[in-house]
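Work through the exercises below with the model open.

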Amino acid sequence: MVDKIAEINGLINNIVWGVPALTLLIGTGVLMTLLTKFFQFTHFGHMIKETIGGLFRKKDILNNKDENSISQFQALCTALSATIGTGNIAGIAYAITMGGTGAVFWMWLAAIVGMMTNYSENVLGIFFRRRNEKGEWSGGAMYYLRDGLGSKKGCKQIGAVLAVLFSVFAVFASFGIGNMGQVTSIRESVLHAFGFAADSRTGGLIIGIIVAIVAALVILGGLTRIAKANEKIVPFMAIFYILGSVIIVVMNYKMIIPAFASIFSHAFSLEAAAGGVGGAVIKQAMTWGFKRGVFSNEAGLGSSVMVHSASNVKEPVTQGLWGIFEVFFDTIIVCTLTALVILTTGIVDLETGVSISGATKLGLATEAFTKCFGSFGGIFIAIAITLFAFSTVLGWSYYGTKAWEFLFGTKATIVYKVIFIVIIVAGSALDASLVIDLSDTFNGLMAIPNLIGVITLSGTVMAITNNYAKRIFKGDSSVKPMLSFFEDIQREQEKRLKEED
């Protein structure tokens, strides 16, 4: 029975994460890029100014007076906690060994167009969000599918069905990719760093119990506690990993130019084309680059929009800008540094992308750090993986909570949280490979209803963006801001804007 389930899941997974699905994901990003006239390029400076550049200039970015929402920076950190994970380390190593060095170029391209997918999701998330029974903001793909797509003529039923499907997929994905998959990475990296067998059940159980206890202290405290924890963990882990990566790249500075040359030349594999196999090699590089790019930043999956919607922001476009920054930081900065660490340390053949030692995934990344830092390299990776994976557990626990809330109501979320914490322990002691594979499929299935929502509501994204541009870029004060789909929230947010002015 287990083998049959695995076989069926494998077939579905190949479709969900196959070329057609990846084309839909990338295609949506291209569509939104064209519709917004390359917004991520033409307003890149404005994005930096209004997001990370405004940390010490705008009080509401770091501080939050509304106890039922979180600050913009907390929303970013919680979203990054779920996206910056093992995929930024082990995933990039795997992409290079499977798709060659050219896969890095296609990963960049996926991120560039993915910025506008994430932007669109966040704009729609803020525009269609509502307050739940506790007065907290609730938003995400399920809400803009039900209330946005559902408001279109003849689409009420399909909007409601897609919203439920998205929520179901999100709950199952949270148990695997957002829980068991991350706990497994923590177990393996910690046990390996301290010389224990990676399959040690006793060691794994001890680690799982510790992770579950710490996670429970945060998760049971709700979004505010999750956001506060990630606000401290994410900046530290990002600086920690970036600093270590930069040191290695600088140590191997002579290989930086050859590494970039290999990336660009093998993205199109001009040499291989002469031998008649160029098409297959290019396809392989594109597939793995796109796949790892989407896996890493999750643009198009509709996951991070759930926490972005809880922000204290008033302007939908402002949170959209944070979405652009999220993808930029996750893929263009963190993933690129991982790629350069691997490509400049000489552990991979720059002509073929083949690992010289035969190591793949986490083993290859560990090899790169160990080569430069000695035995401390393994400990460094163990710390990085533990921080990355644990923060991902916290982020995905919130995603699953909001999806569960949509399905069963606010009061029922405590049931989900308890189940999620118990699964942490189970995932650390059991062989959860099938569960992780199944949830990987559900993770990809989330994208289908979400992208249907983004595409069908692209006109709304355009209208909100143009409205913002007229008011902010052109200074037209006569234009009424588009802040919410709902009149009561529109009035509430307009009042808050006027109070700030």
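The exercises on this predicted model follow, each with a worked solution.

**Exercise 1.** Classify the ring pair of Phe44 and Phe328, and state what it ties together.

*Solution.* 
- The structure holds 32 aromatic pairs.
- In this pair, the ring centres of Phe44 and Phe328 are 5.4 Å apart.
- Pairing requires centres within 6.5 Å, so the two rings pair.
- Their planes stand at 70°. Angles over 60 degrees count as edge-to-face, so this pair is edge-to-face.
- Phe44 belongs to helix α4 (residues 44–50), and Phe328 to helix α17 (residues 316–344). The pair therefore ties together parts that are 284 residues apart in sequence.

**Exercise 2.** Is Phe44 buried or partly exposed? Is Phe328 buried or partly exposed?

*Solution.* 
- Phe44 has 29% relative accessibility and counts as partly exposed.
- Phe328 has 18%. Buried means under 20%, so Phe328 is buried.

**Exercise 3.** Which residues do ring pairs link into a cluster with Phe236?

*Solution.* 
- Ring pairs join Phe236 with Phe240, Tyr241, Phe369, Phe373, Phe376, Phe380 and Phe388.

**Exercise 4.** Over which ring faces do Arg130 and Arg131 lie?

*Solution.* 
- Arg130 lies over the face of Phe486, 4.2 Å from the ring centre.
- Arg131 lies over the face of Trp137, at 3.8 Å from the ring centre.

Methods: Residues are numbered from 1 along each chain as its sequence is written. This is a predicted model: local features need pLDDT of at least 70, side-chain atom pairs count only at pLDDT 80 or more; totals for chains, interfaces and linings use all residues. Side-chain values use heavy atoms; hydrogens and water are left out. Rings of Phe, Tyr and Trp (its six-membered ring) pair if their centres lie within 6.5 Å; planes under 30 degrees apart count as stacked, over 60 as edge-to-face and the rest as tilted. Helices (H or I, at least four residues) and strands (E, at least two) are DSSP runs, numbered from the N terminus. Buried means under 20% relative accessible area, exposed over 50%, partly exposed in between (1.4 Å probe, protein chains only). A charge sits over a ring if NZ of Lys or CZ of Arg is within 6 Å of the ring centre and within 35 degrees of the ring normal.
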